[in-house]
Amino acid sequence: MSKVKEADCLPKEKAACGECGQNGRRESDGSPEELLSVRERALAIVSRLEEVYPEAKCSLSYSEPYQLLIATRLSAQCTDARVNTVTPELFARFPSLEALADAELSVVEEIIKPCGLFRTKAKSIVGLCRELISRYGGEVPDSMEELLTLPGIGRKTANLILGDVFGRPAVVCDTHCMRICERLGLSAGRDAYKVELRLREVLPMDRASDFCHRLVMFGRQTCTARKPVCGSCPLSDLCEKAGSEG
Ligand code: SF4
């Protein structure tokens, strides 16, 4: 996507609501009619982003399912780009789940240091590998309930695994997803669990996992946290906050 100059942005005044004429977003009334109209808009948004980003891809590099679990654990309070500079060395030095389960913590710590919180993460990664071996026969489990029993794994990671590895309906509710979906008026608030449940209601779930990957690209390029470029946004006609953020 081309870079947009600041002058392309819309004014910062709040957009007027088409129904009541007031500034800001219309509150959700939770009625079946409201849900239907949000679902229709969600479908249009999903389709539009599929056109803009034909390829939906996880930004973490991995080749085995357990490596995605580890990369995700490393990405806590760290960028995916930095994680991707560390994991090649980690997976080359410990080329199997068993090797990583037997790894000396100090060696793992040294390799993953650039990702921050390296002592906690090293302990968690080695512990995770041991649990996968002792409780799941060395396989990554394919249910939300089982994934959540693994050390350091929350719903966001579990959804990522279910969607990317097993092709299941999943909503990866990260910071991009919550920010953008709130601006679009698909969800409200930043409680990840509530947002996930809401999005499960309104999104076409067979396309939701890829949609979340697209939101990451869209959130980095257009609907950024600090200064969304609404003036050239491909979703501006579908967005409740067009021109009012940033
Ligand atoms: S119109 Fe603006 S706030 Fe809405 S999705 Fe686009 S960039 Fe984000």
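**A loop and its surroundings**

Modeller: Leu-117 sits in the loop between α5 and α6. Helices here are DSSP runs of H or I with at least four residues, strands are runs of E with at least two, and both are numbered from the N terminus. The model is predicted, so local features need a pLDDT of at least 70 and side-chain atom pairs count only at 80 or more, while totals for chains, interfaces and linings use all residues. Residues are numbered from 1 along each chain as its sequence is written.

Leu-117 is not a glycine, yet its phi is positive, at about 45 degrees. Most residues other than glycine have a negative phi. Leu-117 has 15 other C-beta atoms within 10 Å, so it is partly exposed. The cut-offs are these: with 20 or more other C-beta atoms within 10 Å of its own a residue is buried, with 12 or fewer it is exposed, and in between it is partly exposed; C-beta atoms are placed from the backbone.

Gln-77 also has a positive phi without being a glycine, near 55 degrees. Its place is the loop between α2 and α3. Gln-77 counts as exposed because it has 9 C-beta neighbours inside 10 Å.

In α2, eight of the 10 residues are buried, so the helix is largely enclosed by the rest of the structure. Among these buried residues are Tyr-66, Ile-70 and Arg-73. They pack against α3, α4 (97-101), α5, α6 (118-136) and α8 (155-164). Such packing is counted by contacts, meaning that the C-beta atoms of two residues, placed from the backbone, lie within 7 Å.

Helix α3 covers residues 80-93, which is 14 residues; at 1.5 Å a residue it should span 20 Å, and its end C-alpha atoms are 20 Å apart, so the two agree. The expected span is 1.5 Å times one less than the number of residues. Even so, α3 bends by about 30 degrees at Val-86, and Pro-88 follows within four residues. The bend is the angle between axes fitted to the seven residues ending at a residue and the seven starting there. Buried in α3 are Val-83, Thr-87, Leu-90 and Phe-91. An α-helix has 3.6 residues a turn, so residues three or four places apart point the same way. The cover over the buried residues of α3 includes α2 (65-74) and α5 (105-112).

As for the whole, the protein chain has 11 helices and zero strands. Of its 246 residues, 34% count as buried. Where contacts join residues at least 6 apart in sequence, 61% of them join residues at least 24 apart. Gly-219 belongs to helix α11 (residues 208-221).

Finally, confidence. The average pLDDT of the chain, the predictor's confidence in each residue from 0 to 100, is 88, and 87% of the residues score at least 70. Over residues 1-27 the pLDDT is below 50, though this stretch has 36 contacts in the model beyond near neighbours in sequence. Where pLDDT is low, the predicted coordinates should not be read in detail.
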